[in-house]
Number of protein chains: 2
Amino acid sequence: MNPVTLKQIAETLDISIATVSKALKDYPDVSKKTKLLVKETAELLNYKPNAFAVNLRTKESKTIGLIIPEVVHHFFSSVIKGIIARAEKKGYLVIILQSSESYEMEKKQLDLLLSKRVDGILMSLANGTANFKHLDDLISQEVPLVMFDKIAKIVNCSKVIINDRMAAYTATKYLIDSGCKRIAHFRGPLLPQNSIDRFLGYKKALSDNNIPYDPSLVYICECGERSFEEGKENAHKLLEDHNDVDGIFINTDLVAIGAITEFHRIGVKIPEDISIVGFSNWFMSSVISPTLTTIDQPGYEMGKEAFKLLYKEIKRRKENLPIKFKTVELETKLIKRASTRN
Amino acid sequence: MNPVTLKQIAETLDISIATVSKALKDYPDVSKKTKLLVKETAELLNYKPNAFAVNLRTKESKTIGLIIPEVVHHFFSSVIKGIIARAEKKGYLVIILQSSESYEMEKKQLDLLLSKRVDGILMSLANGTANFKHLDDLISQEVPLVMFDKIAKIVNCSKVIINDRMAAYTATKYLIDSGCKRIAHFRGPLLPQNSIDRFLGYKKALSDNNIPYDPSLVYICECGERSFEEGKENAHKLLEDHNDVDGIFINTDLVAIGAITEFHRIGVKIPEDISIVGFSNWFMSSVISPTLTTIDQPGYEMGKEAFKLLYKEIKRRKENLPIKFKTVELETKLIKRASTRN
DNA sequence: CTGAAAGCGCTTACAG
DNA sequence: CTGAAAGCGCTTACAG
């Protein structure tokens with residue numbers, strides 16, 4: 001475990017370390033002959049540059065950090081995949097940390113990444129995060145930051161999002177158009193912008209179509225580990241509270257699948273008795289029965305886009321060019337399946 | 001973006017860098033007063049040690065690398081979660097790379113991690129990997145390596161596995177016990193040890209129960225991105241080829257779900273006409289209909305265990321203690337659900 | 001208890 | 001075209 005260094009190559013060839021370094025990096029002021037010799041020897045000795053030393057000199061780690069609320073999650077794992085695919089192309093490595101939806105964890109992970117001197121940070125907020133000082137600090141330290149999906153509008157950085165409000169509007173409108181008159185909503189937690197926006201989209205669709213908004217039709221889910229159970233529980237509660245609901249727009253597919261499971265158990269027919277629209281288009285939504293109508297959320301693209309923005313920012317900072325923060329909005333689409341009518 | 005260094009703290013307090021460094025690390029030979037002063041100043045200035053410099057000196061990166069075939073995958077994302085949970089406790093960061101089941105990629109990612117000087121590597125083999133020189137090289141360079149799930153028996157390192165053969169035996173036996181006489185098998189690719197072992201378990205269960213093995217009942221799947229489609233296709237082919245099959249043991253849940261979907265479409269009743277057992281216990285197996293009988297594969301625990309072994313090896317190497325490679329076998333269990341009889 | 005010095009492995013401006 | 005030298009930010013054996 002004593003890796004080869006430039007010094008060893010230099011000694012083998014009886015030339016200076018500086019020349020070896022330059023030869024390896026194809027500096028123009030090194031003779032072809034020397035370059036060849038050096039490269040051969042490096043190959044032979046299986047030389048790999050010591051990243052620490054390089055980083056220390058160049059102040060670049062070629063590593064970025066990624067903080068997400070939850071790893072075991074179809075959407076976020078798609079995002080991860082998009083990020084590392086893109087990062088790889090540009091020679092960047094990705095350190096992945098999980099906040100588990102906790103504000104404290106999120107801060108801790110951020111600190112870790114900072115002391116690792118990552119070149120930039122990509123993150124999606126924890127549900128528990130209501131205070132953004134840790135992010136503002138990051139920005140004032142000029143650490144490139146791009147937020148995606150679960151963002152804070154207030155924080156001054158680049159972002160990749162979908163239009164949650166519009167998507168929710170579309171979903172609810174679709175229920176209305178297919179004949180639903182009394183539409184419930186299983187919403188996400190109170191804090192995150194997404195669940196607020198989805199709720200607002202739901203509400204707007206109702207009012208635009210002259211359906212009175214009834215707060216007793218709105219149920220809250222944590223949308224965490226218990227999503228599936230929450231779906232079942234809320235479905236059950238809904239039936240106890242109301243006997244006239246004929247449609248539900250649900251914040252997340254997994255909760256929707258819980259609801260479907262419970263309705264199935266009780267004998268409520270979907271979509272005949274109650275139509276359901278989910279959100280996210282998890283893979284399993286296409287295989288359950290009935291298949292779930294939902295909003296497709298492009299996780300892989302979001303990951304790619306987020307890395308792209310981050311990369312640009314890193315590059316511009318290095319060149320001391322001015323930075324303009326950008327918000328990229330990705331398209332969603334309604335995927336019509338069997339849990340809704342027509 | 002000009003982070004605070006020891007030097008700046010030293011200058012502010014007009015003491016030496018060495019003392020600052022020692023004070024921060026609570027060396028016993030620094031006065032209480034100085035320690036206090038230094039720590040206060042460090043806090044005030046928001047000092048974070050420069051990881052590159054520390055690593056360069058200590059030759060430790062406190063970072064490990066993880067290479068898996070696929071990120072968007074219930075089992076592997078559970079493994080990731082287990083690994084980063086454990087790593088965090090020990091102050092390690094995790095760099096995640098994806099081989100996409102390709103041998104070339106796997107080698108490339110390994111090289112990347114090596115030049116990053118990670119303290120150790122955790123990996124699960126790509127399906128495309130048939131040659132293990134890259135791993136042997138790693139080991140001869142004394143880089144701590146732990147393989148999990150998709151391992152190479154030949155490679156001399158610690159491993160975390162399940163008993164695929166026994167689990168497959170249990171699964172097949174369960175089909176036999178529930179009355180199936182003619183049992184097909186959708187197996188994985190030819191190379192990986194897992195799919196070989198699962199196939200052998202299937203075969204053994206048949207022969208132990210006096211059911212003749214019929215190679216025409218064995219269908220191969222790539223088990224990659226197209227798993228679901230492969231399930232559908234193989235189910236379809238199976239019905240064309242044979243009209244007497246009453247049970248299938250399938251290499252992976254996702255393929256099984258594809259098969260169920262196709263049978264459902266065609267009108268074959270599960271489990272009445274054909275019983276199905278999957279493998280892995282993906283979350284969605286519990287929500288499709290009928291729910292899928294399967295073998296539970298403990299991904300999270302596997303991740304935790306793999307990190308534990310790696311950590312021990314890293315530690316022992318640092319202390320120059322002898323290393324004994326260990327193979328940990330984790331328990332699986334049969335999850336009985338509605339896709340099989342009784 | 002404090003500090004000067006060497007060194008980790010590299011890069012790069014500069015001299016020759 | 002080649003190499004000596006300085007320096008990135010830290011740690012630690014050693015001297016005082």
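Predicted model: local features only at pLDDT ≥ 70, side-chain atom pairs only at ≥ 80, totals over all residues.

Colleague: How do you know that the copies meet through the same surface?

Modeller: Of the interface residues of chain B, 98% are also interface residues in chain A, so the copies meet through the same surface.

Colleague: Why are H8(B) and H9(B) called oblique to each other?

Modeller: The axes of helix H8 (residues 164–177) of chain B and helix H9 (residues 193–208) of chain B cross at roughly 40 degrees and come within 7 Å. Angles under 35 degrees count as roughly parallel, and 65 to 115 as roughly perpendicular. The two helices, H8(B) and H9(B), are therefore oblique. The crossing in which H8(B) passes H9(B) is right-handed.

Colleague: Which residues of H8(B) and H9(B) meet?

Modeller: From H8(B) the residues include B:Ala168, B:Tyr169, B:Thr172 and B:Ile176, and from H9(B) they include B:Asn194, B:Leu200, B:Gly201 and B:Tyr202. The residues of this contact of H8(B) with H9(B) divide into seven nonpolar, three polar and seven charged.

Colleague: What are the domains of chain A?

Modeller: Chain A is divided into domain 1 (6–49), domain 2 (59–162 + 299–332) and domain 3 (164–297). Between the C-alpha centres of domain 1 of chain A and domain 2 of chain A there are 37 Å.

Methods
Residues numbered from 1 in each chain as written. Chains lettered and ligands numbered in written order. Heavy atoms only, no water. Domains from an automatic or database assignment. Axes fitted to C-alpha atoms, helices over the stretch in contact; angles between N-to-C directions. Helix = DSSP H or I, 4+ residues; strand = E, 2+ residues; numbered from the N terminus. Parallel < 35°, antiparallel > 145°, perpendicular 65-115°, else oblique. Left-handed = near helix turned anticlockwise from the far one by under 90°. Contact = heavy atoms within 4.5 Å. Nonpolar A, V, L, I, M, F, W, Y, C, P; charged D, E, K, R; others polar.
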